Amino acid sequence: MIFEGLFAAIQPMTILLIAIGTIVGIIFGSIPGLTATMAIVMFLPVTYSMTASQGISMLMALYIGGISGGLISAILLNIPGTPSSVATCFDGKPLADKGEAGKALGTGVVFSFIGTMIGVGLLILLTPVLCNVALKFQAYEYCALAIFSLSMVIALTGHDMPKGLISAVLGALLATVGLAPIDSKPRFTFGMFQLNNGFALLVLLIGLFAISEVMKYAEEVRKEQKYIVNETAKIKGCGFTLKEGIAQIPNAIVSAFIGVAIGILPGIGGGVSCMISYTVSKNLSKHPELYGTGIMDGVVASETANNGTIGGAMIPLLALGIPGDACTAMLLGGLQVHNVAPGPLIYTKSGAVVYAIFFSMMISAVFMMIFMLIGMRLFVAVLKVPKNYLLPVVIVLCGIGAIGNANMVFDTYCMVAFGLMSYLLIKSKVPTVPMILGFILGPMFEENLRRVSQLASSDKFYTHPIFMVLLFATIIVVIFSVRSNRREAMLVAAGEKEEEEVE
Amino acid sequence: MKQNSNYRLDIIPGLGIALIALIYLLMVPGIQTFTGMGSTPLTNHFVPYLWGGALLVLGLYVAIRGFRKRAAFVKAGGRIEKFDFKTAVNEKAEVIASFVALTVYVALMNAVGFVPMTIVYLFFQILILTPKHEWKKAYIPALIIGVICSVVLYYVFRYHLNVLLPQGILKAFGL
């Protein structure tokens, strides 16, 4: 299987697709407002007629390129290209302002590569372990897993927990449309056969993340937006000395592990991992006062962590079918399109594709480093591409993606409806990421809850240790999340009060 | 001023969500249930009731929180500004126009066809996203992008990637 996967990944056509995917991903990641998720949405229909290995390898390349590309605008514009690069701005931009843009970019690129490779290494090691554990899962365990994963929503909703929960419940509510699990009776289909299978995950994601981005840009049309791009950025070699690089290895290892750990948790993406890793790196540093003034350490912490998150987020996706963030939710759609069912049996049913994914991630990481180190000038030039021409084309491609999902124009209507819903939710300060979790976990919860209700009389819950552990973990997560959210809410309220007093 | 808009961000979405939840809950009893052999003690009504109920509670909670914020704001001497619909629409003109363009695009795509509708949509959407003072310069590029993109995408996806994009009026020409 390993050789089959390797063979599939090193086919000239696959390598070409990985290269294209990496370049497009970097471009999407580097332009503020375009994200890795959008790149995956756009290219998903292109992969429909490819083999599973080719298609998913290309999507992986888009993911890795997209997350890595964010550092370019973070360093040169002080605007993170993707949310994953928020913390890169803190030291990347000051380094560039000191005339060391090449060093900042080189550091970001090389440590993005290292972060990806550590993430992939842990992905290869941990996925089979998690699959073996998940093989023991029955209805009780899956039910508890769904509850545990849903409880993570509370952790990622920030200071406004009710609105985060609204988003998650709305997602779960949307997932009840279609034939009910177990008895296959239609629910909320209004007699439309197109709704029998429920809403497609892909269509929901397009609406949530692509359409709303265009609308956000539409809001800014009248505002003058002039980016000042530092075009003199040149990278000599890697941009830093070997000694400087070696000194960063402990920082990089800690950051990569933080990235992977956060990636594994459902719903929490690179945006959080880079911030946490930056804070941890600062706290562990002998010179925390220099953070934010333009030092390599900050860029290393942020970029290694966000790329480590890629491998981390893939672990629950492949082993349990639970995505770690928006990009992996999109990849879940991609896997479904190519008839690859994520879950504990993935190695048995689609082992070659899984290994092809691992190898393609490594190839993509190498391409990403080479392309970004050699072709930085090209990517800097791309920052100037006018988005008013680019975004409408992205929307058309999203529409094709929606139609291609089940060859139904009906899905484009849903896409527009979800886009409108997403825009209204964003305007109401309701986060949209928890909705994906609710949408994916809702059916898993319902199906297994109903099975449990059938089994409960003969198979007692206390004979399932994994179930008990997961429920205990849920209680711990809820308590800690509620406490931390309250603290955050109090800080926000205090900040607002202070602002008012100043006014 | 900040707090003023803050409560609106709770009241309007909260009431909206509560209304959606209520409609959803009212539809649940209409779902057919299976009661034959192998049926589960929890029917296919249980989870919809659970989600609908949770959404209703959350929506009402957020709305009530908003009303409380509003009352606190008034008590503190704040002035409630009347919601100006006209200004709001004017401020979001590009967003509304984008949604209208997108809705018309997908609504007519099946009947008119992918190629003509995409040309029209791209042309208008590009103009909507372009500042008014740059429109003169944008007409020709928008038209060129519209024509090239729609034809190339139709050809590639329909004939090489097996995505059944609607032919519409092109059917008459056998394309």
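Visitor: Why is A:M368 called buried?

Guide: A residue is buried if 20 or more other C-beta atoms lie within 10 Å of its own, with C-beta atoms placed from the backbone. A:M368 has 28 C-beta neighbours inside 10 Å, so A:M368 counts as buried. Please keep in mind that this is a predicted model, where local features need pLDDT of at least 70, side-chain atom pairs count only at pLDDT 80 or more, and totals for chains, interfaces and linings use all residues. Residues are numbered from 1 along each chain as its sequence is written, while chains are lettered from A and ligands numbered from 1 in the order in which they are written.

Visitor: Which residues does A:M368 touch, not counting those up to four places away in sequence?

Guide: Contact asks that two C-beta atoms, placed from the backbone, lie within 7 Å. By that test A:M368 touches A:T22, A:I26, A:I64, A:G65, A:S68, A:S112 and A:F113. A:M368 and A:S68 are 300 residues apart in sequence, yet their C-alpha atoms are 7.7 Å apart in space. A:M368 itself lies in helix 14 (residues 346-374) of chain A.

Visitor: How do you know that the span of helix 2 of chain B agrees with its number of residues?

Guide: Helices are DSSP runs of H or I with at least four residues, numbered from the N terminus. The expected span is 1.5 Å times one less than the number of residues. Helix 2 of chain B has 30 residues and should span 44 Å; its end C-alpha atoms are 43 Å apart, so the two agree. Buried residues of this helix include B:W51, B:L55 and B:V62. B:G77, with a positive phi near 95°, follows helix 2 of chain B.

Visitor: What makes up the side of chain B that touches chain A?

Guide: Here 55 residues of chain B are in contact with 54 residues of chain A. Helices 1, 2, 4, 5 and 6 of chain B each give two or more residues to that side, and helix 2 of chain B has the largest share, 10 residues.

Visitor: What makes the largest nonpolar core a core?

Guide: A nonpolar core is a set of buried Ala, Val, Leu, Ile, Met, Phe, Trp, Tyr and Cys residues joined through C-beta atoms within 7 Å. The largest such set has 210 residues, and A:I40 and A:Y63 have the most contacts inside it. Helix 5 (residues 86-135) of chain A gives the most to this core, 20 residues. A:I40 touches A:Y63, and also A:L59 and A:C327, among others.

Technical notes. A residue is buried if 20 or more other C-beta atoms lie within 10 Å of its own, exposed if 12 or fewer, and partly exposed in between; C-beta atoms are placed from the backbone.
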